[in-house]
Amino acid sequence: MKEDSQAERGPEGDPAHPVLPNDFRRQWAMIAPAVRQAVERVGASGWYILGEEVEAFERALADAWPLAYAVGTANGMDAIEIGLRCLKLRPGEKVLTTPLSAFATSLAIIRAGGQPVFVDIDERGLIDLGQCRDILTRDRSIRVCVPVHLYGFPLDLIELARLRDEFDLRIVEDCAQSIGAKWNGVAVGTVGQVAATSFYPTKNLGALGDGGALLTDDETIRDQARCLRNYGQSSLYHHAETGLNSRLDEIHAAILRDALLPHLAGWTEARREVAQAYCSRIINPLLRLPVLPEAANAVWHLFPVQVASDLRDRFREYLVAQNIRTGIHYPRIIPDQAAMAGLAYQTALEPVRARQIALSELSLPIHPFLTEAEITKVVDACNRWQP
Ligand SMILES: *Cc1c(COP(=O)(O)O)cnc(C)c1O
């Protein structure tokens, strides 16, 4: 949906080029000169770890969010772990979270010493805040929550703020898929004491490798996060805590600030246009498209549709035959993962809906570099499908 030249978009003229869930080569074609410049600058500076580039990117990211401070980390998972440690998570403390997310969400809770408590999800696939309220009312020992704005859909931030105030919650909002999403004009990540995000290549602000950040309005949390990401070092060779090695590289910070962040707003708009085209033009009674509340201004990290579980594989294979590649988010919910066996966690309520979505969800291609022709190809394929 970008107005850029054909050459910039890469091999789209080739009808054999599949419609991909992400098209990193087209992104590269657009950002290459700025990336090269950033690399040149950092290389020539002779300073590669925790310097001016990380600071400048942190400032730019915090301003864009907007939140007061950003702290770059090696990845999004570490940003969640560090966030929880900054919120003084106690060993074995329960953490309310969703069973339907990247495994990293729960893994970060576990690595921070917490015990995930899973609730079920709502129709959109997001943690059910009504259930959260019930559980928080019943179990007064739960005071920490890691909600996920999954698929780029914002949770109801007014309700989340109510829960925070009523139950005195410490919250790390997992914004790995939702940078820029808003609820009633309020940005995700601003209700919790900490927001965590990821620059993994597939994410909306996707870098050329791993990276992440946590954001906060709280100076103490910022300082502690800076300490924890750097071995728990309070000053050179003085270790106040057993921290992590989880720094964002200077070179990546420079690339993010110069070559990627300036495009984020435009790329988000392009995603919204694709989503709008799918929502208005895909008409097939066998496919359930996402329906969002009026208040939600989503950033469409993914475009999840639901199809009867016994037909999903067939639908997926049909699309492959049409040269359209899809994803599944996620085929197995977190408490059902083999790695969780023997670990301390609770399912406060049976995650019935989450298991159902795991069997029925399929993600159609959505990214800023889809062409009109590709969008139409996906729409037509969906509309023509009958099992
Ligand atoms: C990608 C992702 C993460 C982890 O981010 P990494 O940078 O890969 O560590 C965490 N939570 C969600 C919801 C994600 O999509």
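Predicted model: local features only at pLDDT ≥ 70, side-chain atom pairs only at ≥ 80, totals over all residues.
**Entry 1: the ligand's contacts**

I began with Asp174, where an N or O atom of the side chain is 2.7 Å from a nitrogen atom of the ligand. I then found a polar side-chain atom of Ser198 at 2.7 Å from an oxygen atom of the ligand. In Lys203, a side-chain N or O atom is 3.0 Å from an oxygen atom of the ligand. The protein covers 90% of the 380 Å² of accessible area that the ligand has on its own (Shrake-Rupley method, 1.4 Å probe).

Residues are numbered from 1 along each chain as its sequence is written, and side-chain values use heavy atoms, with hydrogens and water left out.

**Entry 2: the shell**

How many residues surround the ligand? I looked up 15, with Gly76 and Gln177 among the closest (a heavy atom within 4 Å). Helix 4 (76–86) and helix 5 (103–111) each supply at least two residues of this shell (helices are DSSP runs of H or I, at least four residues).

**Entry 3: the pocket**

Where does the ligand sit? I found the ligand in the largest pocket (more than half of its atoms within 2 Å of the grid points). A pocket is an open set of points on a 1 Å grid over the protein atoms alone, where a 1.4 Å probe fits, with protein on both sides within 12 Å along at least five of seven lines; lining residues have an atom within 4 Å of a point. I noted 32 lining residues for the largest pocket, with Tyr200 and Tyr330 among those nearest its centre.

Methods: Polar contact = N/O pair within 3.5 Å; in protein donor to acceptor, adjacent residues only side chain to side chain.
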